[in-house]
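Here is a short briefing on one protein chain. Please read it alongside the sequence and the 3D view.

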Amino acid sequence: MTSQPDRAAPPTLAASLLTIEEAAAYLNVPQRWVADAVRQRRIRCTRIGKHVRFRIEHLEELIAAGEQPVTAPGAASVLALRPTRSSRSLL
């Protein structure tokens, strides 16, 4: 029996490169949005020749950058929502 050299294991999801289609599916956005973001340099990517690829880390950075902080409504914001009384008569 001849021993075959060990083949390299396929890259894990964290180490693999994603296409625009796969990145769009990961982000749950249209492919067009991802392509536009690449053109406008709003998203990190890796270019291999004419091909654009993404690492999971690139996409996670985009997600983290877009997170909005949660703010609890304070007393001032509740008061601002109440209608102000007019000096005019209600009759």
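Angles between axes are sorted into classes: under 35 degrees is roughly parallel, over 145 roughly antiparallel, 65 to 115 roughly perpendicular, and the rest oblique. This is a predicted model, in which local features need pLDDT of at least 70, side-chain atom pairs count only at pLDDT 80 or more, and totals for chains, interfaces and linings use all residues. Residues are numbered from 1 along each chain as its sequence is written, and side-chain values use heavy atoms, with hydrogens and water left out.

**Overall make-up**

- The protein chain has four helices and two strands. Both kinds of element are DSSP runs numbered from the N terminus: helices are H or I with at least four residues, strands are E with at least two.
- Read from the N terminus, the order is α-α-β-β-α-α.
- Of the 91 residues in the protein chain, 16% are buried. Buried means under 20% relative accessible area, exposed means over 50%, and partly exposed lies in between (1.4 Å probe, protein chains only).
- Contacts are heavy atoms within 4.5 Å. Among those between residues at least 6 apart in sequence, 47% join residues at least 24 apart.

**Confidence**

- The mean pLDDT of the protein chain is 80, and 64% of the residues score at least 70. The pLDDT is the predictor's confidence in each residue, from 0 to 100.
- Confidence is highest in helix 1, at a mean of 96, and lowest in helix 4 (residues 75-81), at 54.
- Where pLDDT is low, predicted coordinates should not be read in detail.

**Helix 1 against helix 2**

- Two packed helices are described by the angle between their axes and the distance between the axes. Axes are lines fitted to C-alpha atoms, for helices over the stretch in contact; angles run from 0 to 180 degrees between N-to-C directions.
- Helix 1 packs on helix 2 (residues 31-39) at an angle of about 110°, with the axes 8 Å apart. The two helices are therefore roughly perpendicular to each other.
- The crossing of helix 1 over helix 2 is right-handed. A crossing is right-handed if the near helix is turned clockwise from the far one by less than a right angle, and left-handed if anticlockwise.
- Helix 1 contributes Ile 20, Glu 21, Ala 23, Ala 24 and Leu 27; helix 2 contributes Gln 31, Trp 33, Val 34 and Ala 35.
- By class, this contact has seven nonpolar residues, one polar and one charged. Ala, Val, Leu, Ile, Met, Phe, Trp, Tyr, Cys and Pro count as nonpolar, Asp, Glu, Lys and Arg as charged, and the others, Gly among them, as polar.

**Helix 1 against helix 3**

- The axes of helix 1 (residues 20-27) and helix 3 (residues 56-66) come within 11 Å and cross at roughly 40°. That makes helix 1 oblique to helix 3.
- This crossing is also right-handed.
- Ala 23, Tyr 26 and Leu 27 of helix 1 meet Ile 56, Leu 59, Glu 60, Leu 62 and Ile 63 of helix 3.
- The contact has seven nonpolar residues, no polar ones and one charged.

**Selected residues**

- His 58 is in helix 3. His 58 is buried, at 4% relative accessibility. Leaving out residues up to four places away in sequence, His 58 touches Arg 44, Cys 45 and Thr 46.
- Glu 60, also in helix 3, is partly exposed at 36%. Its C-alpha atom is separated by 9.9 Å from that of Tyr 26, 34 residues apart along the chain.
- His 51 lies in strand 2 (residues 51-53) and is partly exposed at 40%. The C-alpha atoms of His 51 and Ile 20 are separated by 9.3 Å, at 31 residues apart along the chain.
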